[in-house]
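Please read it with the structure in view.

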2 protein chains.
Amino acid sequence: MIGVFDSGIGGLTVVRALMECLPGYDVLYFGDTARTPYGSKSPSTVIRYAIENTEFLLSEGAQAVVLACNTASSVAPDLLRRRYDLPFFEVISPAAEMAVQSSRKGRIGIIGTRATVASGVYEALIQKLRPEYRVVASACPLLVPLVEEGWLKKPETAMIVKKYLRPLKANQIDTLILGCTHYPLVADLIQAKIGRRVRVIDSSTGVANSMKNAIEQDTDLQKRLKRNGRYRFFVSDTTPQFENIARSILKRPIRLETHAG
Amino acid sequence: MIGVFDSGIGGLTVVRALMECLPGYDVLYFGDTARTPYGSKSPSTVIRYAIENTEFLLSEGAQAVVLACNTASSVAPDLLRRRYDLPFFEVISPAAEMAVQSSRKGRIGIIGTRATVASGVYEALIQKLRPEYRVVASACPLLVPLVEEGWLKKPETAMIVKKYLRPLKANQIDTLILGCTHYPLVADLIQAKIGRRVRVIDSSTGVANSMKNAIEQDTDLQKRLKRNGRYRFFVSDTTPQFENIARSILKRPIRLETHAG
C-alpha cells in the first residue's frame, strides 16, 4: 500500500489527487494532528517527526511513502532515503518542475509555511533547472490556521492573503507555487488576489503524477503495491474540527482511526 | 523550585507575574513548543502532554507545579493531583474568583481556545460561586497564531478580535476573563473593542497571587521552595520566532534550553 503522512489534515488534498491519478491503489494516511502544525517548528523537530511517522507507516505495511507536507518535504527526504530502503515521494520537486515548465517570463513565486520558505528548497531546485529564473518566496504562517478554522470566504482571510501576496505581485511573477497542502482550499481566493494572468501550481497534484510515472516505470513497485481500493485514515488526535476539514477535503464521510504518534 | 509549564511561549506571562509577586523564588519553565498549540487538541491528548511535562519538571526538582496554560488547566489538574503528591496551581480558579468579585451586574464573558471553551470549566466554577450569574464564552482560535506572529497592532487582528467579541458585547457583559495566556499581549486591543466599562481579568496574574497566598499559609512549602533568584527556561523546540516572543514578554534577553519533550 501507499503510505502518506502529513502534519495534520491538509495532506488529504494529496490523497484526493492520488485517488484521481492512481485509482484503486490502497492508501494508508497518517495525519499528525496531535503535534500539528509543523510549519512553525525547527528542521530538527520536523525531521524527528518525519522518522516517527515513517516508522508507523512501515509498521502498517507501507511499500512506498509520500510526504504530503511541504514542510516535511523541505527538510526530511534525503535523510529518510538514506535511512530506509523504500521509495519516498515528496511534494516539492514535482511542483518546482511544473512551475518551470509553465513559466513564460521566468518569474516564479512561492508561498509556504515559515519553515518551508526558510529552507530555500524551492529556490534551489528552480535555480538548478533554470539558473536565469527569478524566484520570490513569501511565508504565510497564518494561512494554515485560517484554513483549519474554515475561514475560507471571510474578508479577514482575503485581506491577509492580499498582504502575503504583495511582494510577489510587486515582483510581477507569472507563476505561483502553492507550497503547502492547505492552500488548495483557498486556491480561488489566491488566484483572485494574485491576478488571472498568473498560473497557480498546486503542489498536491504534482506528487500524484510523479508517483504514477514512477509506478509505470517500476514493475517491481507495481507488484508490491496492492490495488484493492482500500483507504485507511489515521490521526494522532481527533477533534470534531479535524473531522469537518477531512470531510470537506475528501467530499465523503471518512472514519478517522487513532494512533498516538 | 517552582515548576511552570505551558503549551508554548504564552505561559511566560505567568512567569512575569510570578517574578513580580514572588520575587527571588527559583522558577523552572517548560514550554512545549514542539507540540504547540494545545488549544485545538482533544482533552486526552492535552492530559497526556500535561503528565509528560510534569514528569520533566519533577525530574528537574520542581516542588510545586503551575499549569500556565488555560487549556491544560481546563482538563488536567484533577488527574495530576491524584497522580502526584505535590501542590498544583492552575490559572482558571483564581481568574474565575477575581471575575466574580469584580462583576457588578453578574454578566461575565470568557474568551479562550476552542478546548478551554469546550471544557465549560470557567462557567462551572462561576455558577458554583454565584448561581445567579450569567456567563457567556467565545472561542478565539485564531488569536494565538496572530499573537505568535507578532500581529499585535495589525488591522486584521483588530477585525478578528471584534468579531470574536461580538456575542459577548451583545450579552452586555461587565467583566471579561482573558482565558488564555497569550491574550494579555493584546489586552489593550481587547479592552478597546469590548469597551472601557468592561473590567478585563488577566488569568496570568491571578495564579501568581493565589500561589503567594498558598506559600504564606504553608510553612512546609515555604521551606521546600528555594529563593536563589534562579530562572531556567526550557522549550521542546527552538526557533527565532519563539525567542522573539519570549523576549517581548519578559522584556529581557533569556537563554532557551532544549528538552525534547
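Which side chain does the side chain of B:Asn53 meet in a polar contact of 2.9 Å? In this predicted model, the partner is the side chain of B:Tyr38.

B:Asn53 lies in helix H2 of chain B, which spans residues 43–59. Because its relative accessibility is 1%, B:Asn53 counts as buried; the cut-off for buried is under 20%. Leaving out residues up to four places away in sequence, B:Asn53 touches B:Phe5, B:Phe30, B:Asp32, B:Arg35 and B:Tyr38.

Among the buried residues are B:Ile92, B:Pro94 and B:Val100.

The table gives totals for the interface.

| Item across the interface of chain B and chain A | Value |
|---|---|
| Residues in the contact | 32 residues from chain B, 32 residues from chain A |
| Salt bridges | 4 salt bridges |
| Polar contacts | 16 residue pairs |

The elements that give two or more residues to the chain B side are H2, H8, H9 and H13 of chain B. H9(B) supplies the largest share, 6 residues. By class, that side has 14 nonpolar, 9 polar and 9 charged residues. One salt bridge joins the side chains of B:Lys163 and A:Glu156 at 2.9 Å, N to O.

Terms used: Residues are numbered from 1 along each chain as its sequence is written. Chains are lettered from A and ligands numbered from 1 in the order in which they are written. This is a predicted model: local features need pLDDT of at least 70, side-chain atom pairs count only at pLDDT 80 or more; totals for chains, interfaces and linings use all residues. Side-chain values use heavy atoms; hydrogens and water are left out. Helices (H or I, at least four residues) and strands (E, at least two) are DSSP runs, numbered from the N terminus. Buried means under 20% relative accessible area, exposed over 50%, partly exposed in between (1.4 Å probe, protein chains only). A polar contact is a pair of N or O atoms within 3.5 Å; within protein, one must be able to donate a hydrogen and the other to accept it, and residues adjacent in sequence count only if both atoms are side-chain atoms. Contact means heavy atoms within 4.5 Å. Ala, Val, Leu, Ile, Met, Phe, Trp, Tyr, Cys and Pro count as nonpolar, Asp, Glu, Lys and Arg as charged, and the others, Gly among them, as polar.
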